[in-house]
Amino acid sequence: MKTSRRLAVLGATLASAMSLASLGTPAPASAARLEREGLRPLTTVLRPVDPNDPQWVSIRWATGRRVCHVRVRVHGGREDVDVAYPGDRLYTSFPGGEGLEPGRVDSTAFRVTAHQDGPERAFLTATVDYDYCHQDSPTLNDAIGFWLPVRA
C-alpha cells in the first residue's frame, strides 16, 4: 500500500475516533470561534430542579464581540422535559433586549418540567441564533448541550 493511501486511512480513522469521543458529553461551545468572540455559555450545567414541577432556570452568557438579535430555543428531546418561554414566545432572549456587549454577562430564562423520577440528569440542546449587529451580518446558529440535574 502506498504511503499516501496509508496516511489517508490513518487520517480518516483518527477523525472518526475523535468525532465518536465527543458523543455523550455536552460541548461548552460548538465552534472555536465561540471561544474567542461569539456568544458562549458560562457553564453547561443548569441548576437542579424537582421532578414533575415547572421551574424557571437560566443560562448565563458572555461574549467577546457585540452580538444582537439573540434567540435561544431549548429542546428537551427524548429526555421527556417540557420547555416554555417567557410571554408564551417560541424562544427566550435577554431581559433587557436581544443583544449583549463584550465583557458583560446576561442570562436567558425558560421554564422546564422534567418528567423523570430523579435523581437523574437530562440532556438538553439549546439552539442559539444571533448576529454581529451589522446590517450585512449573517445570522449565526449554534447548538450547545446542557445538563439539567433532576432531584430525587
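The pLDDT is the predictor's confidence in each residue, given on a scale from 0 to 100. This structure is a predicted model, in which local features need a pLDDT of at least 70 and side-chain atom pairs count only at pLDDT 80 or more, while totals for chains, interfaces and linings use all residues. Residues are numbered from 1 along each chain as its sequence is written, and side-chain values use heavy atoms, with hydrogens and water left out.

The protein chain has a mean pLDDT of 81, and 76% of its residues reach 70 or more. Confidence is highest in strand 2 (residues 55–62), at a mean of 97, and lowest in helix 1 (residues 3–21), at 41. Over residues 1–35 the pLDDT is below 50, and this stretch has 29 contacts in the model beyond near neighbours in sequence; a contact means heavy atoms within 4.5 Å. Helices (H or I, at least four residues) and strands (E, at least two) are DSSP runs, numbered from the N terminus.

Two strands are said to pair if DSSP finds at least two bridges between them. Strand 2 and strand 5 run antiparallel and are joined by 8 bridges, with Q55 opposite V112 of strand 5. Strand 4 (residues 81–84) also pairs with strand 5 in the antiparallel sense, over 4 bridges; here D82 has T113 of strand 5 as its bridge partner.

Q116 counts as buried because its relative accessibility is 7%. Leaving aside neighbours within four places in sequence, Q116 is in contact with P51, N52, E79, D80, V81, A122 and V150.

Most residues other than glycine have a negative phi. N52, however, has a positive phi, near 55°, and is not a glycine. N52 sits in the loop between strand 1 (40–41) and strand 2, and is classed as partly exposed because its relative accessible area is 45%.

D88 is another residue other than glycine with a positive phi, near 55°. The loop that holds D88 runs between strand 4 and strand 5. With a relative accessible area of 74%, D88 is exposed.

Notes
Buried < 20%, exposed > 50% of the residue type's maximum accessible area, 1.4 Å probe, protein only.
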